[in-house]
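Grab a pencil and work through these exercises one at a time. Try each task yourself before you read its solution.

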Amino acid sequence: MSETREGRREEIDAILDRKPGTSETRDEADRYTVVGAASRETFANWLTPIEEHFVCHRNPIPDGDADAWTIDVAGTDGDETELPLTDIVEDLPTVAVAHTMECAGNGRGQHDPETGSVQWGCEAVGTAVWTGTPVRSVLRASGLDTDAAATGSGADDEDRWLTAIGDDSTEEETFARSIPLSKALDDCLLAHGMNGEALPAEHGYPVRLVVPGWYGVNSVKWLSELRVSEGMVTESALDRPGTHARWQQDDYRIHPAGETPEHADTVPTTGTWDQLESSAVDHPYTFDETVMSLIGRPTGEEPITPHEDTVTVRGVAWAGDDEIAGVEVSTDSGEAWHDAELFGPDYAGAWRLFEYTWEPTPGTYTLASRATDERGRAQPATIGAPEDGLDAIENDQFPWNEGGYAANAYLPNAIEVEVTSEDDTA
Ligand SMILES: Nc1nc2c(c(=O)[nH]1)N[C@H]1C(S)=C(S)[C@@H](COP(=O)(O)O)O[C@H]1N2
Ligand SMILES: [Mo]
């Protein structure tokens, strides 16, 4: 045990060394190797530099060599094709996709009482430009009939899923996640580059799945296998020892205290918020990211002085597969709200920048931001208490849930800012 933990300690230290814009957040049991953005300043900019991008995984980083790496692809008939990564990179098209990756556990540390595991504040989110090969091209190159799957030639197409497996898997436990095949064919890619550089080891070198707009856990790193099947991964679905459905079926599900999620082959709707609202899904899976925003400037870390009476409040807002319709900023803990302006890059699956021009007098203020998506769904104010027993977003409260997933309340992310008068600094 201690040997593995020692190794992981060294691994964290090495990552922190390489990434000066991050700092560590760990769970008590030291089961996770995670680092998050070190400053709110990360959320004042559209592109998150690799040095500031959070890292989240559980096992040690597997050794990998791009030249020798292969991806094992299997269709519903079980026939396997082994594709060398060099062929994928050299023979198939390369595209770039902007993706705001948020850990499903971002905001977990805002649950009261605590839920255990990594106590993230808001630092487990970032936007990178990922370059790689469309999943559609890879499946086609391996001989799968992607057109039939994409056009929906039969009722059961709805229930086709793609399971991605990471090379950090062990005999006891496979890291496997399933997404609907339709999503995989639509916009997912096997990324081998990040922000114009080779994919760093901690982000999945030599290749990872990127699922735009969906919680980070879906974007399997160190990708070694792809499986198309009639349902998502369940405990008997893969022909191998050990548990392989844990990360799909047990963890990363939103449920009240003391409940055990049932394992399912499919869900009638995959949107995370849609599942929360639907009585047909008891314990939602964390798929697409729910509407969320963060202020990045001012940071609240030091007093600020208005320039020509104004302070620019800037931040980012995202809503998974949905577009951001608007962002409001409050300077009084959410009593009054003012429309912010959206600006800058506008790509599906990536956050938008927003800005609000504030004219404060000296004093202490609590700044919050609240985003609304194109379907009119706004961030709730707070996270409820376990005894409220919420299983959906109700009464302006996000449901406290045992795993601490998908929290998107705005008040826990508010920042206190001290405004001094221009004279004070003269
Ligand atoms: N193989 C593998 N892929 C993984 C994980 C992992 O533990 N193993 N962690 C997931 C989780 S929980 C998140 S939030 C993202 C984080 O990606 P990043 O470290 O590149 O930011 O990777 C996902 N992909
Ligand atoms: Mo995560």
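**Exercise 1.** Find where ligand 1 sits.

*Solution.* Start with the cavities: ligand 1 sits in the largest one. Here a cavity is a set of points, on a 1 Å grid over the protein atoms alone, where a 1.4 Å probe fits but cannot get out. A molecule "sits" there if more than half of its atoms lie within 2 Å of the grid points.

Before you go on, note that this is a predicted model, where local features need pLDDT of at least 70, side-chain atom pairs count only at pLDDT 80 or more, and totals for chains, interfaces and linings use all residues. Residues are numbered from 1 along each chain as its sequence is written, chains are lettered from A and ligands numbered from 1 in the order in which they are written, and side-chain values use heavy atoms, with hydrogens and water left out.

**Exercise 2.** Describe the shell around ligand 1.

*Solution.* Step one: find the neighbours, meaning residues with a heavy atom within 4 Å. There are 21 residues around ligand 1, and F54, D168, H203, R208 and K221 come nearest.

Step two: sort them. You get ten nonpolar, six polar and five charged residues. Nonpolar means Ala, Val, Leu, Ile, Met, Phe, Trp, Tyr, Cys and Pro; charged means Asp, Glu, Lys and Arg; the others, Gly among them, are polar.

Step three: look for the top contributor. That's strand β3 (residues 55-57), which gives three residues. Strands are DSSP runs of E, at least two residues, numbered from the N terminus.

**Exercise 3.** Which atoms of D168, S219 and F54 pair up with ligand 1?

*Solution.* We want polar contacts, that is, pairs of N or O atoms within 3.5 Å. D168 uses a polar side-chain atom, 2.7 Å from a nitrogen atom of ligand 1. S219 puts a backbone N or O atom 3.0 Å from a nitrogen atom of the ligand. For F54, a polar backbone atom is 2.8 Å from an oxygen atom of ligand 1. Now check the cover: alone, ligand 1 exposes 530 Å², and the protein buries 99% of that (Shrake-Rupley method, 1.4 Å probe).

Note on methods. Polar contact = N/O pair within 3.5 Å; in protein donor to acceptor, adjacent residues only side chain to side chain. 1 Å grid on protein atoms, 1.4 Å probe; cavity = no way out; pocket = protein on both sides within 12 Å on 5 of 7 lines; lining within 4 Å. Helix = DSSP H or I, 4+ residues; strand = E, 2+ residues; numbered from the N terminus.
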